Amino acid sequence: MDEKMIEKLKSQKTYRREPLTDTQLLMTITICIFMAMYVLAMVFLKGGFLHPQQVFDMLNDNASLIIVSCGLTIVMIGGGIDISVGAVTSLVVMSCVMYLNNGGNIFVSILLALGIGLAFGLVQGFLISYLEIQPFIVTLAGMFFARGMTTILSVNPQKAAHEGFAKLREVKIEIPWLGYYAKNGNLVPARMELGVVVAFACLIVIFILLGFIRLGRNFYAMGGNQQSALMLGINVKKTRFLSYVISGVLSGISGYVFMMHTGAGNATNAAGMEMNAIASSIIGGTLLTGGVGNVAGTFFGTLTLTTIKKIVVSSGLREPWWQSITTGGMLCFFILLQSVVLGYRAKKKKA
Amino acid sequence: MQNILQMKGIVKRFPGVLALNGVDFTLRKGEIHALMGENGAGKSTLIKVLTGVYQMDGGEIYLAGNKISIGSPQDAQNNGISTVYQEITLCPNLTVAENMFIGRESGSWVQQKEYEKRADEILQKLGIPARSGQQLGNCSLAVQQMVAIARAVDMECKVLILDEPTSSLDDKEVQMLFDLMRSLRSEGVGIIFVTHFLEQVYEVSDRITVLRNGELVGEYLTAELPQVELVAKMIGKELDELSSLHEVDETKEEKKEIFYEAKDLSSSEAMPFDFNIRKGEVNGFTGLLGSGRSESVRAIFGADKVNGGTVKINGQQVKITKPIEAMKAGIGYLAEDRKRDGIIAELSVRENIILALQVMNGFFKPISRSESEAFADEYIKVLNIKTASRETPVGSLSGGNQQKVILARWLLTHPDYLILDEPTRGIDVGTKLEIQKLVLKLAEEGVSVTFISSEVEEMLRTCSRLIVMRDRHVVGELTGKDLNQEQVMKTIAGGEAADEQEK
């Protein structure tokens, strides 16, 4: 019987590719839906959607969201949640602006941003992993704390007046061949901000971490089944701790990118960003229950979310609530789709 | 044969209980050694000491002649002691290859390709029908279990512990597992096999060690220990009790009044069926798993949505569509899945016992503390529930004792009619016997009992009438002389051998 089975295996190997894992399947669905949505927008709404600059605008506006979503994806794959990311981003913006306005140095301001993020990650990670407090509660506390600190620093909006920083902000990557000709006949090249480059760098690093580094695979194992991960010899506490530290550091980076985009600190900066990040991760195929997800999916999740908002605005529904309503609908749709797809898989497996 | 593992005088105490009292255990190279005992005999505790989940309070462990100390599961693994548990302890979201190598690779980078290559080699060598790139969650439970074993084997384990590996597998899968165990044995791995199934022990093991009440009863060669004696050693009682529990006086049965009668009763899960039970009668539903036994009794209790049919209790028509209505009509139901539908693990023994009575009284008439303590103490004594105290959380009790707690819960409501769905599943022989005796005692006191069990023998011993089901329909009713194993099998199979073969 054994030989027969081995024969069968061999033949299967040559003819058949492995079916997609849950992670790959959900990610593929998201990418397809995003493409379809964008193409439909190009066909029916035309306007801005026909210019490549539309995509770059979306990236420029959302670079910091993409970065925090990466962190959140890691935490969620590990089976946790971090809702402090938006508030930490805001705190970083305010701190760095005030530091620069008081005659600071750009290099030190970057370190400051990373330091604040790291500090939040370390403390929250320690409380969650080693003292075993609910992640939701810990990061909720972290969120209130960071928001409070931001307001203490300054109630009023602060504009960054640092000369060197102003120059840094002006640095844009121009791509002439993706540009368009304005009405007066001049070529307007496509413009991408430095923040987008940072976001892509983060995406690539996290993608490699999750796919090919031991620590990354341990996140998946931990989210898949914590007890099993422990039995398989993974240091679950350390792994969980590191997931929050990474998320914290990414919030710090996100803060700096946010500041480069807006150039000002405001107590209400990045309000609700954590929820947009969670939504992006979920739309990108990350399961809240852990163990399934990928940052490539998250990236497309962010784009999907942004695109739908743009579509809503372009369709003439300019009131802000329409965006919230469509975001809510989108999220519902994707969660339903995921549970139907995964449910169908489980059913097929049984049969 | 060479000893690879020796455990000497192992002692383990829990608050209020001496779980292991100087137990010796020896495992030789290349043997399959069954570890047997009732629930609460100390098998699991011994295994957990060996795997570093518990720390022992006394005794010594030698591995290949060297004394070792095991402080954690990692320690055990590093010493070449691997365990495969009943619940699969792998990650369903990762691939087969990853599950075999995660947590034990060196270096920061994951060598995916190399893992898959090595995994395929091992899977082929062991004849496990899985591909390395497959997501583990898409494999059958049996294959998942085998992957866990493959992982252990690749870790060059000398001692492989299989804790109830067969309980969720079907016959074919069990055979595959046994083949794998035999081929590992021939490679010199010592296997400790823990199971409830006696036939499997005799089929695959070389040696048997029996524990009882935390003490060593003895070590025997499987070939030299008849099955009857093994059971006797496990429960420490004479077996005669088991065989002659009761004799049914049929004429007496006929005279009893009918207590419950259902016509065309159907629910969302059960097809229409007729059913009745007399006062003080013990009857049972039998049939293969999935034949509709449990669905039928759930319809009687109103546990699923009742669709139609008429129900009479003591000749009066009543309507039972919800469990609370059934309870008020004097019906108690001990559910099949004790973890899901039965115990509330975090509550104490006392709180679990008074639960049903409290529900029936309504929540505005609370049972006083002293009253509930008296109830709990009474039933702990009557049913011989082994618990440290009445305030111990039920979750920490052994399976058999949890079942007794649920029984106590229903007995406290003084039901006229008690439905027991698989009350003896997964519990030890001694407690099984106690429960069977209790059923007969209740019947003598005039309580009607419907009893469901997967073990036909057990039903033949306790029931005076068997309702046989097949494919969700009642296909026969057996009483008197027809109550024997052969007749039951025939009725289930529909009197044709063809059905057997199809299966």
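Predicted model: local features only at pLDDT ≥ 70, side-chain atom pairs only at ≥ 80, totals over all residues.

Trainee: How many residues does the largest nonpolar core have?
Mentor: It has 155 residues, and those with the most contacts inside it include A:I67 and A:C96 as well as B:V147 and B:I192. Helix 11 of chain A, residues 236-262, contributes the largest share of this core, with 13 residues.

Trainee: And what does B:I192 touch?
Mentor: Leaving out residues up to four places away in sequence, B:I192 touches B:L27, B:H33, B:L35, B:V159, B:I161 and B:L162. Apart from that core lies another, of 65 residues, with B:L265 and B:Y417 among them.

Trainee: Switching to helices, at what angle do helix 3 and helix 8 of chain A pack?
Mentor: Helix 3 (residues 52-77) and helix 8 (residues 194-212) of chain A pack at about 20°, their axes lying 8 Å apart. Because angles under 35 degrees count as roughly parallel, helix 3 of chain A is roughly parallel to helix 8 of chain A, and their crossing is left-handed.

Trainee: Which residues meet there?
Mentor: Among them, A:L59, A:A63 and A:I67 are on the helix 3 side, while A:V198, A:C202 and A:I206 are on the helix 8 side. The residues of this contact divide into 12 nonpolar, three polar and no charged.

Trainee: How many residues does the contact take from chain B and from chain A?
Mentor: It takes 25 residues from chain B and 27 residues from chain A. On the side of chain B that touches chain A, helix 2 of chain B (residues 73-78) gives the most, with three residues, and that side divides into nine nonpolar, 12 polar and four charged residues.

Notes: Residues numbered from 1 in each chain as written. Chains lettered and ligands numbered in written order. Core = buried A, V, L, I, M, F, W, Y, C linked by C-beta atoms within 7 Å. Buried ≥ 20, exposed ≤ 12 C-beta atoms within 10 Å, placed from the backbone. Helix = DSSP H or I, 4+ residues; strand = E, 2+ residues; numbered from the N terminus. Contact = placed C-beta atoms within 7 Å. Axes fitted to C-alpha atoms, helices over the stretch in contact; angles between N-to-C directions. Parallel < 35°, antiparallel > 145°, perpendicular 65-115°, else oblique. Left-handed = near helix turned anticlockwise from the far one by under 90°. Nonpolar A, V, L, I, M, F, W, Y, C, P; charged D, E, K, R; others polar.
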